[in-house]
Amino acid sequence: MVSKPRFSILMPTHSRVDVIGLAIQSVLDQTVEDFELLVVGDGCAPGTAEVVDAFQDARIRFFDLAKAPNYGYANRNIALREARGDLIGFAADDDLLFPDHFEILADGLKGGAAIAYSQALWVSTDGIAAPFLTNLELADEFRVFTEVGNTIPASCFLYRADCLPSRDVWPEDVASAGDWQLWRRLIRENPRNPLIYCRVPTVLHFSAKWKNSRHSQASQLATFLDIADRAGWWPSALRVWIPNASKEQYEYSRLMRADPAAWSEQMRRAVCDLVARLAWEAVQTMRPMLAGAEAEKATLQSENARLRNELQLAQQGNAELQRAASDASNKEAALQPEISRLRNELDLAHQSNAELRSAASGARNEKDEIEQTLQACRTEIAALYQSRSWRITSPLRRISTSLRSQKS
C-alpha cells in the first residue's frame, strides 16, 4: 500500500514546456520527501507530457486536461479532489523553490495557523533578484492585501487541507486572481488563527512570459531594478548574468543545485544585506531629504496661503471696484436726462446769444447812421449860425441846446 503523503503540491501548467522541468526539479529537490506533486495540464503545450514523464518519479501525478475557461481553475479543482495530503501547497510552472521551502512553511504551521507564507524573490528577465516583503501581520499591509490587491506569489503559500470544508477550493466563477480570492477566503473562514509569516525567502518568482516585461509589470520590482541599475553595491548573489541563449530559470537553477544549502544561505544573507543597505540609505539620505522636502513643502504651503489671501483681497478689491463702476454707471444713466436738458438749455442760450449779438450789431449800425445824420444836421446848423437874422439864430440855439441835453 502506498503511504499517504503529508504534502499535496499543485502545479498548473499551460505553455511553459521550456522551464517546467526546472520547476518540477525544484520540488523534487525539497528537504521534505513525503509529498505528491499534482501537475495539472490546462490544455498544455505539446511536449509537456514528455517533460513530466521523463522524471520517472512515483510522487508525480500528471493530469493532462483540456483547456478550461480563463486560467483553468476548474482543472485545478479536478486534481485537488484527488489530493491526499494534509497540507496543500502551490508551485508555479515557471518558479523555483528553495530546497527547504516546504520544510520552513510546515514548521510555521505547527502553531495551528491555517496558512503559512514566506518571502519571494522576484527575478527580472535580465537576472536581477529583489525581495517582496509583504508582512500581513501588520495592519496596514494586511488591509492593502485584503482590500486592494495581491502582493504575494501563489508559490509562497502552504495551507491546511482541513481549514475549508472541501479540497476543490479554487473559485471557478472569476476570470483572474483566483489565488487572491482563495487566500482571502482562507483568512476569512479561519479568523481565530488565520496565518503565520515565515520571514525568509523561499521562492524565486519569475516574470510570466506572456507579460513580456522586464519587471513583470510590477511597480515595486521596477523600483528595485532602478536602484540596482544605479547602485554599485547591489549584492552580486542577487545579480545573475543571463546569456542571450539562456533563460533566467536555467541560470538560477544551475547555481542553486550546485550547492543547495550554501546557495540558500548566500541568497538570504544577500537579501538581509540589501534590506539593511536600503534602510541605511533611507536613514542617512532619504529621510533627511524627505525632512528637507517637508520643510520646503511647509514653506511653500505658507507662501501659497499668503498668496491666496492676497488674491482673495485683490478679488475683493476688484469686486468693490466693479461695484463702484456699476454705481457710477447707474448714476451716469440717472443723470443723462438732466445732462440732456442742460445741453438743450445751453444750445438755446447759444442761439439767444447769437440773436443778441445780431441785434447789438444792428443797433450799432443804426446808431452810426443816427450819428451821421446828427453830424450833417450840426454842419447845416453851423452854417445857419453864420446868418445874422435873429429869426434864424434864435430857433437854432434852442435846437442846439436840446440836442446837447439829449447827447449828455
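This is a predicted model: local features need pLDDT of at least 70, side-chain atom pairs count only at pLDDT 80 or more; totals for chains, interfaces and linings use all residues.
**Figure 1**

**Figure 1**

**Figure 2. The largest pocket and its lining.**
The volume of the largest pocket is about 1,300 Å³. Its lining comprises 44 residues. Closest to the centre are Tyr71, His205, Ala208, Trp210 and Lys211. By class, the lining divides into 18 nonpolar, 16 polar and 10 charged residues. Several elements each supply at least two lining residues. Among them are strand 1 (7-13), strand 2 (35-42) and strand 9 (195-206). Helix 3 (73-80), helix 6 (178-188) and helix 7 also contribute at least two each.

**Figure 3. The second largest pocket.**
This pocket holds about 160 Å³ of space. Arg16 and Thr125 are part of its lining. So are Ser207, Ala208 and Lys209, along with Asn212, Ser213 and Arg214. Lys247, Glu248 and Gln249 complete the list. The lining divides into 1 nonpolar, 5 polar and 5 charged residues. Ala208 belongs to this lining and is also listed among the residues closest to the centre of the largest pocket.

**Figure 4. Serine 264 and its contact with proline 260.**
Serine 264 lies in helix 9, which runs over residues 260-385. Its relative accessibility is 4%, so serine 264 counts as buried; the cut-off for buried is under 20%. The side chain of serine 264 reaches the backbone oxygen of proline 260 at 2.9 Å.

**Figure 5. Isoleucine 9 in strand 1, with glutamine 351 for distance.**
Isoleucine 9 is found in strand 1. Its relative accessibility is 0%, and isoleucine 9 therefore counts as buried. Strand 1 is also one of the elements that supply at least two residues to the lining of the largest pocket. Along the chain, isoleucine 9 and glutamine 351 are 342 residues apart.

Methods: Residues are numbered from 1 along each chain as its sequence is written. Side-chain values use heavy atoms; hydrogens and water are left out. On a 1 Å grid over the protein atoms alone, a cavity is a set of points where a 1.4 Å probe fits but cannot get out, and a pocket is an open set with protein on both sides within 12 Å along at least five of seven lines; lining residues have an atom within 4 Å of a point. Grid points are joined across faces, edges and corners, and a volume is the space filled by probe spheres set on the points. Helices (H or I, at least four residues) and strands (E, at least two) are DSSP runs, numbered from the N terminus. Ala, Val, Leu, Ile, Met, Phe, Trp, Tyr, Cys and Pro count as nonpolar, Asp, Glu, Lys and Arg as charged, and the others, Gly among them, as polar. Buried means under 20% relative accessible area, exposed over 50%, partly exposed in between (1.4 Å probe, protein chains only). A polar contact is a pair of N or O atoms within 3.5 Å; within protein, one must be able to donate a hydrogen and the other to accept it, and residues adjacent in sequence count only if both atoms are side-chain atoms.
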